[in-house]
Amino acid sequence: MKHYALGSVVLRALTINARNCNRHGLPVAAAEMRHRCVASGGNGGFVYWKRMMASEAEAKLPEKEKEKSGRKEEKSERSVVESSYWGISRPKIRKEDGTEWPWNCFMPWETYRSNLSIDLTKHHVPKNFLDKVAYRTVKILRIPTDVFFQRRYGCRAMMLETVAAVPGMVGGMLLHLRSLRKFQQSGGWIKALLEEAENERMHLMTMVELVKPKWYERLLVLAVQGVFFNAFFVLYILSPKLAHRIVGYLEEEAIHSYTEYLKDIDSGAIENVPAPAIAIDYWRLPKDAKLKDVITVIRADEAHHRDVNHFASDIHFLGKELREAPAPLGYH
């Protein structure tokens with residue numbers, strides 16, 4: 001009797017609840033609920049009510065649990081590289097001290113030590129009309145740079161590297177297309193010029209760690225790169241020997257700028273801060289390396305680029321193609 005009375009009370013409550021729900025437009029089948037309660041002899045009302053309460057509580061819990069599990073799955077998906085199907089995965093690379101290699105932009109076998117014994121005073125004296133055009137062009141281009149940056153050599157170096165990384169890429173790309181068209185080897189010059197472009201880009205990545213460019217400097221980079229890339233692209237098609245000579249003189253100016261940078265560091269005008277981690281690993285510098293060490297190795301790289309481009313221009317002036325002379329590979 002007690003169970004029957006309890007069942008009828010529950011049944012009545014469920015019926016009233018069903019009516020209220022129907023008023024609010026919720027599709028609750030009150031007749032079906034009543035039928036289940038009566039068919040089960042009163043006890044069914046209690047059991048059904050208990051089951052309904054449990055299902056409502058369970059419906060609320062999984063929503064939170066689903067959110068948490070969804071977040072965990074998202075994180076795991078981000079951290080795991082989907083390589084099982086394609087068979088592409090990066091092997092675990094470690095440094096000499098056993099720690100994990102932290103960089104994706106370059107590998108340990110791409111690092112090197114700059115040749116600091118390279119002659120920094122070498123200068124190609126203009127000998128003919130094209131040499132003079134190249135020399136004067138570079139000197140004219142230096143004027144707005146001096147006016148805008150003055151002795152802010154960190155910002156100057158950042159701008160310089162955004163320009164310096166263009167010629168190697170343009171030259172390597174055009175030589176690559178020429179090799180495809182003529183079914184000829186490049187003599188290693190495609191790789192040499194692309195290595196030069198990549199090395200200059202690493203200079204930029206290092207300078208960005210040291211100098212945080214302002215918004216108008218970033219805007220200036222966009223404008224200068226857009227103009228310089230297209231101008232150099234056309235120039236290289238028309239006269240590779242003039243293009244390489246201009247780059248050779250640009251690198252001479254870069255050596256001068258970095259020398260002045262080092263003078264300001266020595267005088268205390270620029271603080272000799274610790275070297276960025278990317279520079280330490282890329283140039284295999286000591287762990288306690290400073291800004292002066294970084295600028296010194298970058299300047300040595302620029303001297304090497306100077307020699308490579310003047311050498312390439314001389315090959316063209318001799319009436320030969322670059323593929324006829326082996327490219328200087330092995331050092332950026």
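**View 1. Aspartate 301 within helix α10.** Aspartate 301 belongs to helix α10, which covers residues 291-317, helices here being DSSP runs of H or I with at least four residues and strands runs of E with at least two, numbered from the N terminus. The model is predicted, and local features need pLDDT of at least 70, side-chain atom pairs count only at pLDDT 80 or more, and totals for chains, interfaces and linings use all residues. Residues are numbered from 1 along each chain as its sequence is written, and side-chain values use heavy atoms, with hydrogens and water left out. Aspartate 301 is buried (under 20% relative accessible area with a 1.4 Å probe, protein chains only), yet it has no salt bridge (a side-chain nitrogen of Lys or Arg within 4 Å of a carboxyl oxygen of Asp or Glu). The nearest side chain of opposite charge is that of arginine 299, 10 Å away, where Lys and Arg count as positive, Asp and Glu as negative, and His and the chain ends are not counted.

**View 2. Aspartate 301 and tryptophan 283.** The side chains of aspartate 301 and tryptophan 283 make a polar contact at 3.1 Å; the term denotes a pair of N or O atoms within 3.5 Å, of which, within protein, one must be able to donate a hydrogen and the other to accept it, while residues adjacent in sequence count only if both atoms are side-chain atoms.

**View 3. Valine 138 in helix α4.** Valine 138 lies in helix α4, residues 129-149, and counts as buried because its relative accessibility is 3%. Beyond residues up to four places away in sequence, valine 138 touches Ile246, Tyr249, Leu250 and Glu253, contact meaning heavy atoms within 4.5 Å. Between valine 138 and isoleucine 246 there are 108 residues of sequence separation, but the C-alpha atoms are 6.7 Å apart in space.

**View 4. Methionine 158 and the annotated spans.** Methionine 158 is part of helix α5, residues 153-182, and is buried, with a relative accessible area of 3%. Apart from neighbours within four places in sequence, methionine 158 is in contact with Leu204, Met207, Pro213 and Glu217. Leucine 210 is 52 residues from methionine 158 in sequence, and their C-alpha atoms are 9.5 Å apart. An unreviewed UniProt entry lists residues 158-177 and 219-238 under "transmembrane region", with positions in the numbering used here, feature names shortened, and annotations that may be inferred rather than shown by experiment. Residues 158-177 are 100% helix and 0% strand, with end C-alpha atoms 30 Å apart; residues 219-238 are likewise 100% helix and 0% strand, with end C-alpha atoms 29 Å apart.

Note on methods:
Buried means under 20% relative accessible area, exposed over 50%, partly exposed in between (1.4 Å probe, protein chains only).
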